Amino acid sequence: MIPPRLDTEASVVSVLVVDDQEPFRAAARFVVGATAGYEVVGEAATGEEALRIAQRVRPSLVLMDINLPGISGLEATRQLIRADPDVSVLLLSTYSAADLPAGARTCGARAYVHKIELTPDVLIAVIAGTQPPGF
């Protein structure tokens with residue numbers, strides 16, 4: 001399955017990284033950079049900022065922290081998907097899957113991954129549709 005905004009000539013999956021902690025954004029940039037065919041096209045520290053940037057850069061994949069200042073990552077995910085049903089969102093946090101907040105399973109995200117489990121293989125699986133939901 002080719003994501004709707006995958007540049008088939010350049011084979012680039014555009015990624016928006018959303019997390020209020022710069023060290024994790026740096027780690028996510030590293031993982032995306034280590035994934036062939038994936039490129040960070042924007043970063044945001046709040047849900048509101050993520051919505052503004054996503055409207056401008058139209059990413060294929062959003063790496064979304066659950067806990068953000070302002071609107072939560074769950075609400076930002078709902079709004080992103082409402083505005084662009086073709087975007088794929090991967091929720092990230094330090095919660096165990098059993099301790100996810102209410103609404104995580106129904107916000108429209110493709111999957112949940114613990115932050116320490118974010119790898120190039122996970123990114124590829126999310127876009128390919130083979131990443132287990134993890135909820």
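## Helices, strands and the model

Helices (H or I, at least four residues) and strands (E, at least two) are DSSP runs, numbered from the N terminus. The model you see here is predicted, so local features need pLDDT of at least 70 and side-chain atom pairs count only at pLDDT 80 or more, while totals for chains, interfaces and linings use all residues. Residues are numbered from 1 along each chain as its sequence is written, and side-chain values use heavy atoms, with hydrogens and water left out.

## The largest pocket

Let's begin with an open space. A pocket is an open set of points on a 1 Å grid over the protein atoms alone, where a 1.4 Å probe fits, with protein on both sides within 12 Å along at least five of seven lines; its lining residues have an atom within 4 Å of a point. The largest pocket has a volume of about 160 Å³, a volume being the space filled by probe spheres set on the points, which are joined across faces, edges and corners.

Helices α2 (47-57) and α3 (73-83) each give at least two residues to the lining of this pocket. Among the lining residues are L51, A54, Q55, Q79 and L80. Sorted by class, the lining has 6 nonpolar, 2 polar and 2 charged residues (Ala, Val, Leu, Ile, Met, Phe, Trp, Tyr, Cys and Pro count as nonpolar, Asp, Glu, Lys and Arg as charged, and the others, Gly among them, as polar).

Now for the charged pairs. The structure holds 9 salt bridges, each a side-chain nitrogen of Lys or Arg within 4 Å of a carboxyl oxygen of Asp or Glu. In one of them, K115 pairs with D19, and their closest N and O atoms are 2.7 Å apart. K115 sits in the loop between β5 (111-114) and α4 (120-128), and D19 in the loop between β1 (13-18) and α1 (22-33), so this pair ties together parts that are 96 residues apart in sequence. Both K115 and D19 are buried (under 20% relative accessible area, with exposed over 50% and partly exposed in between, using a 1.4 Å probe and protein chains only).

## Partly exposed pairs

R29 forms a salt bridge with E43, with 2.8 Å between the closest N and O atoms. Because R29 lies in helix α1 and E43 in strand β2 (residues 38-44), the pair ties together parts that are 14 residues apart in sequence. R29 is partly exposed, at a relative accessible area of 31%. R29 and E43 also belong to a network of salt bridges with E22 and R25.

Within helix α3, R78 and E75 are 3 residues apart, about one turn of the helix, and their side chains meet in a salt bridge (3.2 Å, N to O).
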